[in-house]
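Q: I'd like a close look at one part of this model. Please walk me through it and then show how it sits in the rest of the fold.

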Amino acid sequence: MKRILKYCLIAAFCSGVVYAQTAAQEPKVVLVIHGGAGTINKKSMTPEKEQRYKEALTLALKKGYEKIRAGESALDAVQAAVNVMEDSPLFNAGKGAVFTNEGKNELDASIMDGATLQAGAVAGVKNLKNPIDAARAVMEKSEHVMMVGRGAELFAMAQGCDTVPSSYFFTEERWQQLQRTKNKEEGKPAAYHVDPRSYLISGVTDADNKFGTVGAVALDKQGNLAAATSTGGMTNKRYGRVGDSPIIGAGTYCNNSTAGISCTGWGEYYIRAVAAHRVSTLMELKGLSVEEATKQVIAEIGQLGGEGGMIALDRNGKFAMEFNTSGMYRGTIDENGKVSVFIFKD
């Protein structure tokens with residue numbers, strides 16, 4: 001028995017040495033982002049539009065990386081990256097938010113600190129330029145986790161968050177998308193029928209009215225993780241509908257002991273699956289890798305009938321960008337500043 005134990009200890013020691021060498025040789029990924037998953041077809045994406053998306057994703061990655069390189073926190077990095085995507089009309093968050101059935105824009109966001117498990121979220125806000133800033137204010141400057149509607153807006157304004165008139169969120173492409181979606185539901189011919197390749201917002205079909213969302217996960221120099229998610233929700237949504245993005249454990253979750261996760265897709269399924277937290281649980285209790293855990297959760301969502309994707313990053317810099325749609329706007333930047341961005345499945 002002593003001899004067996006001796007061999008086991010030697011094997012464990014050797015295994016640890018190999019792991020340490022491997023980790024030292026592979027640069028840690030410091031930031032991973034997504035700009036939404038859905039039916040993103042190359043045939044409906046012009047080279048100019050594809051380049052525009054890649055430039056926006058690259059800018060988001062670089063802005064987040066600047067924070068980490070300067071020694072700032074993972075929270076600062078994910079907030080900066082999400083801000084860039086919220087300010088772009090290309091993504092369904094902030095400036096590019098989709099319209100509700102009433103022709104309004106209602107935005108949701110959440111953020112979580114992996115070191116402390118503190119979190120903040122806002123839902124159904126209408127005049128906050130960057131909802132992710134408000135979510136962080138809720139986390140750091142209140143005793144609450146989530147605030148909604150006008151109350152969230154008043155609190156955010158008191159904390160210095162930027163406000164804008166409702167006209168700021170208007171984009172012709174999103175407005176036309178709403179009209180087509182409403183006409184389709186009413187059995188009428190689709191209005192505003194134009195070649196989708198001519199849209200500024202291109203490559204995502206009207207079938208993706210349930211999708212969108214942007215998100216980021218980061219690892220900083222102190223070894224801490226953070227995750228953030230922001231969305232304009234679902235095209236033509238009614239009755240104060242809220243999806244998974246502002247719900248901690250569903251659309252966003254982060255724990256230094258496992259991973260930071262941000263989701264995008266049909267929110268109702270992510271809520272039912274408690275998707276982001278399930279990734280963390282599978283890693284903690286079953287010992288799955290971040291890649292194995294995300295693959296399993298996306299498969300489970302698919303079995304329920306849902307579609308979408310997620311990004312995840314663990315404390316060792318291992319990451320996953322998993323989805324069951326034809327595409328997901330996504331990218332990474334490593335500790336050396338190397339940027340990689342992707343759109344389509346292959």
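Predicted model: local features only at pLDDT ≥ 70, side-chain atom pairs only at ≥ 80, totals over all residues.

Which residues form a nonpolar patch on the surface with about 250 Å² of accessible area together?

A: That's Val145, Met146 and Val148. Residues are numbered from 1 along each chain as its sequence is written, and side-chain values use heavy atoms, with hydrogens and water left out.

Patch members have over 30% relative accessible area and no salt bridge; nonpolar side chains (Val, Leu, Ile, Met, Phe, Trp, Tyr) are joined within 5 Å, like charges within 9 Å. A salt bridge puts a side-chain nitrogen of Lys or Arg within 4 Å of a carboxyl oxygen of Asp or Glu. Areas are Shrake-Rupley with a 1.4 Å probe, and for residues only the protein chains shown count as cover.

Valine 148 belongs to strand S4 (residues 146-148); strands (E, at least two residues) and helices (H or I, at least four) are DSSP runs numbered from the N terminus. Valine 148 is exposed, at 52% relative accessible area. Exposed means over 50%, buried under 20%, and partly exposed in between (1.4 Å probe, protein chains only).

Now zoom out to the sheet. S4 is part of an open sheet of eight strands, ordered S4-S3-S2-S6-S5-S1-S11-S12 with mixed pairing. S4 and strand S12 (339-344) are at the edges with a single partner strand each, so one side of each has no neighbour in the sheet. From one strand to the next, the twist averages 10°. Angles run from 0 to 180 degrees between N-to-C directions, with axes fitted to C-alpha atoms, for helices over the stretch in contact.

Further along that order, strand S1 (residues 29-38) and strand S11 (residues 327-334) pair antiparallel over seven bridges; pairing takes at least two DSSP bridges. Leucine 31 has isoleucine 333 in S11 as its bridge partner. Helix H2 (residues 47-69) lies across S1, strand S5 (214-219), S11 and S12, at about 145° to S12.

S10 runs antiparallel to strand S9 (residues 308-314), joined by five bridges. Over the whole protein, buried residues make up 55% of the 346.

Definitions and conventions:
Contact = heavy atoms within 4.5 Å.
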